[in-house]
Every structure is written in structure tokens, then in C-alpha cells.
Amino acid sequence: TTLDDYLLIKKFYMWNRLYDFELEIIEKIATTFPTHKNIYLDLGKRYSGEGDIFKAIEAYKKHLALNPNDRASRKNLSQLYAWSDQGDKEIEELEKLYEQYKNNMDFLKQLTKRYEWAGNSEKALKIYEKIYKHLISAKKEKEPSSLEFITELAQRYEWASQSIKALYLYEFLNMNKPSVDLDLKLLDLYSQLGLSEKRIEMLEKLSNIKNLKNRKYYIELLAITLTSINSIKKALKYYKILSDVDTTNIKWNYKIAELYSWVDVMDTAVIYYEKSIANGIFDEKSLTTVAEYHFWNSNYAKSLPFFNKLIQKFPGNKIVYYYLGEIHFQLKNRKLSKKYFNQAFKWLRRKKRGNLEQELYLLILSKTERYRELADELHNISPDAKLFVEQFNSILYNLFNRNEFGIAFDLLDYRM
């Protein structure tokens, strides 16, 4: 029987849908005429149709040995390897097709997926980069499908710890298809790369999105960041926004007060410290700041409740006794004044001598009428109030430096 006879019989079976007989004839031709150009291709297709993957693979391999440039058959063979879980061999066949299909985007995407499934992320990334360059050269990078692909490439740069490349692509994506998710991704990359100005810009953007989930977190993060670079004016702006949007949190007034005190805007700082105290934050710093502010501005009655709260909450702060003595002296409560001054001086006498000079020197730095009362009793002191204060302090300071504590205490007791 000749080859033509077999081929004629094959066609007859095929036209009459006698596929089992057709397969027998194809196998007979392959055995009898093994160098026939396409017989193994027919055999591979028939085995595939029958679901006999391994026989189909062998048939395609023999066909490609005779027809190495048949790209369609090689793609079919690679697919058969994939179906039979032979990933390495699938990749081998795809790589053989690379030169013929290197400008075919669908093929390249298939190859990258296979590299990734095989755990070869480095090779996959190179193919991704090639596809990206093709999109740029074809000016298709802004098309929806291209933006989706660029997102995948940016993610792979992240996985490969190539943060700069990832950042460039995410910025490109955010310009062409902006989203909050991209904003958050960029914020994370700016933080990782230490790009503080960019990070602040992104935090400002996020802080102004009113319906953003966790908006308060980003506003606080921005305020903290601005404070760390000494941009106090901007930090105050965002802490004030926080106090408006998060009215249940009592700490914002305290933060605002702290910042105003850092820049010596004490009038405003005290207002916010007082709000903080009214909300129940009784820390030593805020109580002391408000109490001393009113004291040094001669608002003795206003300072009194804050000093009382201070000694109640922080009884170890004995210097408060001096302030209370001074306040009651000014308010003409001589009995209470003497009580608190005595407590202050008893405490000072119990302290170690090494700290005594400093504590007492700080203690007497007040602007009161009692300096002028004492002036009549002391020699060589100017009647001028300002000079008197300076000279009185100088006398005491010299007494302590010479360890003449008895005379110094007599002088202080005289003031009582």
C-alpha cells in the first residue's frame, strides 16, 4: 500500500467521523513512513483530542524534529507540558520560541507567568521590562490594559527590593489613574526611601481627604512629622484640625499648648493648657506653666487654683509652697502666707547642701513689694526697685557661696 492510499483512507474515515479507524491509519502511516512531513502533527492532534497527553507529547516532539520551525506546534507542545505538570519542559519550549515571538505581547506575558510559577522571578522581571519598553516605544503606556500591566511591573519591582523603580512607576500610575490606594503606596515608599518632602506632601494630600478611612491617623502623623522638622506653624494647623475632627480626644489641646510654648507664644499656650486641664489632663507641666504664667503676670487669684491643684497632684514639688506663700502674701492672707513660706524653708533646710544654693537662688527670683519693705533695713542697697532686686539676689548668692547659711536664712526669715 502506498502513502497516497493510506492518506486517501485516512480522509475517508475522517469525513465519515470514524475517528478510531482514522487514528489507526495515522499510526500505520507513522510506522510505515516515519519521515512524512506532517504525519506526527496529525498524530499529536488526534492524541490530544483523545486526551492521551503523553502520547501527544511524543508525537509533537517527533514532528518538531522533522519541522523545527513550526512555531504553532511548539506552542502546542509547551501547552501539553503545562497540562502534564512539566513546567521546566514547558519553559524550554517557550524559550525556543522567544526569538520568533519576542515582539508578541501575549506570548511574552505567558512566558513571564511561567517563569514566576517556576520561581524564576529574575527572568520574569526581565521579560516584564521588555514589555514595558515596547509599550513606551509604541506610545501605548497610558492605555487601560497598559496601566494594569505597569501596576504588575511596579509590584514586582517592590518584591525585588527595587524601590526606586517601583516609585517611578507608581508615580506615573497616580498621575494617569489617581487613587487613594496609590497615594498610600507612595507614602510607604517615600518613608522607606527617606524622601521627607515628598512624604509630607503626600500626608498633606491624605489629610485633606475628608472621607478617608483613618484620616485622623494621617493628620496626626503629619503633625508629628512637621514638629520633628521644626515646622511648628504648619504642625499647629493640623493639630487644630485634629481637635475639630476628633472632639472626643482630650490630648489635642495639650499638644497645641506644647507647640505654642515651644515658640514662646505663651498667651495662646496658656489658653490651650487651660482647655487641656479643664478636660482632665492634670500633668505637672501644664499645671506649672499655667500657674506660673498667671503668677508672673500678677494674676495671683487666677494662679491660686492651679498651684493648689499642682500641690495636690504632685506633692513632691515643694517649690510650690513658695509660690503659695507669695500668692497669699499678695492677697493679704498673712496667716496662710507664713504657713506656706515656713513649709518651703523647712524643705530647703532638709535638702543636701550641694543643691541648696541653686534652689534658694531660684526661690527668691520674684517681683514683689516685700523687696522694698526690706530695703529700709539693709545697708548699701539702692532704693531703685530694679537695682534692688539685682543687689538683693547678689547678696544672698554670695552668702550661700561662702557657706554662710545661717545669715542667709535670717535674711530670708526677715522677709516673712
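**Salt bridges and ring pairs in a predicted model**

R74, E93 and K96 are joined in a network of salt bridges, a salt bridge being a side-chain nitrogen of Lys or Arg within 4 Å of a carboxyl oxygen of Asp or Glu. Residues are numbered from 1 along each chain as its sequence is written, and side-chain values use heavy atoms, with hydrogens and water left out.

By that rule, the count of salt bridges comes to 16. One of them brings together the side chains of K123 and E95, at 3.4 Å from N to O. K123 sits in helix 9 (residues 121–137) and E95 in helix 6 (residues 87–96), so this pair ties together parts that are 28 residues apart in sequence. Helices here are DSSP runs (H or I, at least four residues), numbered from the N terminus. K123 is partly exposed, with a relative accessible area of 38%, and E95 is partly exposed too, at 32%. On this scale, buried means under 20% relative accessible area, exposed means over 50%, and partly exposed is what falls in between (1.4 Å probe, protein chains only).

Another salt bridge pairs K113 with E152, their closest N and O atoms being 3.8 Å apart. K113 belongs to helix 8 (residues 105–117) and E152 to helix 10 (residues 144–159), so here the parts tied together are 39 residues apart in sequence. K113 counts as partly exposed at 29% relative accessibility, and E152 is partly exposed with a relative accessible area of 22%.

Then there is D246, whose side chain meets that of K216 in a salt bridge (3.6 Å, N to O). This pair links distant parts of the chain, 30 residues apart: D246 is in the loop between helix 15 (232–245) and helix 16 (251–262), and K216 is in helix 14 (residues 215–228).

Turning to the rings, a search of the whole structure finds 12 aromatic pairs. Rings of Phe, Tyr and Trp (its six-membered ring) pair if their centres lie within 6.5 Å; planes under 30 degrees apart count as stacked, over 60 as edge-to-face and the rest as tilted. F295 and F307 form an edge-to-face pair, 6.3 Å centre to centre with 90° between the planes. F295 is in helix 18 (residues 284–296) and F307 in helix 19 (residues 300–313), 12 residues apart. Both of these residues, F295 and F307, are buried. F307 also pairs with Y323, this time stacked, at 4.8 Å centre to centre and 15° between the planes. Y323 lies in helix 20 (residues 319–330), 16 residues from F307, and both F307 and Y323 are buried. Ring pairs link F295, W296, Y300, F307 and Y323 into a cluster.

The charged end of K275 sits over the ring of Y272, 4.6 Å from its centre, and that of K309 sits over the ring of F282, 4.8 Å from its centre. The cut-offs here are NZ of Lys or CZ of Arg within 6 Å of the ring centre and within 35 degrees of the ring normal.

Notes
This is a predicted model: local features need pLDDT of at least 70, side-chain atom pairs count only at pLDDT 80 or more; totals for chains, interfaces and linings use all residues. Helices (H or I, at least four residues) and strands (E, at least two) are DSSP runs, numbered from the N terminus.
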